[in-house]
Amino acid sequence: MSRADGERILLWTLPVVGVVWLSAFLLFPGFVQPMSPTMSAEEVAAFYRDPENLPRIRASMILFNWFAVGLIPILALIVLQIRRMAHRTPIFSYSLLACAAGGPTIFLMANLFWLLAAFRPTRDPQLTLMFNDLAWVTFSTQVGFLIAQSVILALAIYLDRQQRPVFGRWVAHFNLVVAALLVPAAFAGTAMTGPIAWDGLLTFWVRNIAIGVWIVVMAVVLARAISRQRADEAVAA
Amino acid sequence: MSDSAAGTLPEERSGSLLRKVAWHWRYDEKRELWIGWWTLVVFYNLYGLLFFVITRTQPPPQPSLSPAEIAQWFADRHHGLLYGYAIVSIVGGATAVMNATLAYSMRRMSVSRAFAYSYLVIYALATLPGMLIMGVVCSVGAMRPDRDPALMSWLYDFAFLSFEGTMGVFLIGSLVWMAAVLLDENRVFPKWFGYLNLCNALTEVVVAPAWIFQDGVFAWDGEIAWWINMGVFVTYTTVFLTLLRRLILREDFGTGPLPELSQ
C-alpha cells in the first residue's frame, strides 16, 4: 500500500460525504424553501414547533454535525499538492492548513444554534428567533475562510513555476471566480429582503451552488493530480 | 525593497506602483514572504479602521449599561455594525496567511517545527473569538432594532466577552513564540523580542477580571483590562512587523544563522 493509495481512500470519502450533505440539505425544511428573515418571532417559533418539521430539523442538523468536518481530509490533500509546487517557502501550504479548520468550525457554530432552537421549541418565541438569527447569520455571512482558501490556492497555482505545474492555470482562475461569488453573502445582515438577504438569490443560491461546484471541480482536479503523481512515482521506482 | 540575486535579473523597474508590483511578482525570490508581510500590514490597518471607525466597537463601551441603553447603543451604530462586520467577514480569512507568515519565522529558527505548527493552529483558532464571533453577534444585535432589550443585553455581553475575554489562545500563542525566540540560535529575532512576547502574554492574564467586574479598572473597558492592553498590543504589533520585514530582507533561504543586513 503506497502513500498515494491512502490518499485515494481519503479522496473517495468525498462522494460519501457529498451524498450525506445533499441528503441533510434536502431534509432540513428551512433550506429547500429558505426561511425568510422577515418571519416574525411567532412564525419562527411555529416553524420549530410544527410536528412535521421538528424531527426533520433535528435529524438533518445531527447529520451535519457528524459530517461537517468531512471536507477537512480533502483540504489536507490539497495542502499536500501545494507542497509539491515550485515555491520557496511553505507559506501557502501553512495558510491553507490554517483555513481548513475555520470553515467547518463556523458551520458547526451555526449548526449548534439551529439545534439549540429545536431543543426546546416551546421556549419564548423571542429566544427561538434569536437562536434562529444567530444560526442564519453565522451560516450566511461567514465566508471569509472559504474566500481565503480560494485566493490562497489561486496565488499558489500562479506562482507554481515549473515545467509541469501541479494544477492547470484555469484552476486558479476558477478559484478566483468562486471567491468573488462568495463575497455578496457577507452582507446578508444588511438586508431583510432581496438578493442579499439570507434567503436571497446571491446569498443563498449563488453562494451554496458555488461551494458545491468548487467541491466537485476540486475533487476532479485533485484526483487527476494524485493519479499523475502515482504514475510518476511508479516510473521513478 | 528586494535584494534578489544581483546581476542575473532585469533591473527593478522604477515608475508606477503597479510596475513595481509586477516586477516583484515575476522576479523576486521572496515574493511569498512579501505577500505575507503586506497582508499583515494591510490587515492590521483595516482592522483598526473597521473596529475603531466603521463599527465603533472599540474603544469598548461600558459593561454596566442598562438594557435600554444597550438597545440604543445598537441603534446608534446600526449601519456601521452591519456593513463593518460584513467587511470583517470577507477579509477575516486573511489571518490564515498572516499566521502562516509568522509561523514561517519560527520555521526559520533553529528550533523544532513543533513551535511553528503550534503557533499556526493556536492562531487559526484565535480568529473566531478574536473577531468573527463578535461580528456575527453584533450583526444579529443590529439587524432587528425591535428585539427585546433584555436579549440585546445578552448579545452585547456575548460580543464583548468573547472578544476581550477569550484569553488562552493569545496567552499560549505568545508564550510559544517567546520560547522559540529565546531558544533560537539562528538570530531570527533579537532576544528582547522574546520578552516583549511575555508582555503581550501578561496582558491576557490581567484581562481575566473582566469576567467578574462590570465597573472600574478591571472591567472590559477599564484602564487595565483595555487601555494598557491596547497599548501593549499596538507596540507589540508594530515591533513584530518591523522585525519581520528585516527577517525577509535578511532571508537567504538557508538553514543556518540569518545574515545581518549589510550597511
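**Briefing: helix packing and chain contact in a predicted model**

The crossing of α5(A) and α10(A) is left-handed, meaning that the near helix is turned anticlockwise from the far one by less than a right angle; clockwise would be right-handed. This is a predicted model, in which local features need pLDDT of at least 70 and side-chain atom pairs count only at pLDDT 80 or more, while totals for chains, interfaces and linings use all residues. Residues are numbered from 1 along each chain as its sequence is written, and chains are lettered from A and ligands numbered from 1 in the order in which they are written.

**Chain A overall**
- Chain A has ten helices and zero strands. Helices (H or I, at least four residues) and strands (E, at least two) are DSSP runs, numbered from the N terminus.
- The C-alpha trace of chain A spans about 65 × 35 × 25 Å along its principal axes.
- Of the 237 residues in chain A, 43% are buried. Buried takes 20 or more other C-beta atoms within 10 Å of a residue's own, exposed 12 or fewer, and partly exposed lies in between, with C-beta atoms placed from the backbone.
- Taking contacts in chain A between residues at least 6 apart in sequence, 74% join residues at least 24 apart. Contact means C-beta atoms, placed from the backbone, within 7 Å.

**α5 against α10**
- Helix α5 (residues 72-83) and helix α10 (residues 201-236) of chain A pack at about 50 degrees, with axes 11 Å apart. Axes are lines fitted to C-alpha atoms, for helices over the stretch in contact, and angles run from 0 to 180 degrees between N-to-C directions.
- α5(A) and α10(A) are therefore oblique to each other. Under 35 degrees is roughly parallel, over 145 roughly antiparallel, 65 to 115 roughly perpendicular, and the rest oblique.
- From α5(A), Ile74(A), Leu77(A), Ile78(A) and Gln81(A) make the contact; from α10(A), Met218(A), Ala219(A), Leu222(A) and Ala225(A).
- Seven of these residues are nonpolar, one is polar and none is charged. Ala, Val, Leu, Ile, Met, Phe, Trp, Tyr, Cys and Pro count as nonpolar, Asp, Glu, Lys and Arg as charged, and the others, Gly among them, as polar.

**Leu129(A)**
- Leu129(A) lies in helix α7 of chain A.
- Leu129(A) counts as buried because it has 24 C-beta neighbours inside 10 Å.
- Neighbours within four places in sequence aside, Leu129(A) is in contact with Ala41(A) and Val44(A).
- Leu129(A) and Ile157(A) are 28 residues apart in sequence and 44 Å apart in space, C-alpha to C-alpha.

**Chain A with chain B**
- The contact takes 36 residues from chain A and 35 residues from chain B.
- On the chain A side, α6(A) gives the most, with ten residues.

Definitions and conventions:
Two residues are in contact if their C-beta atoms, placed from the backbone, lie within 7 Å.
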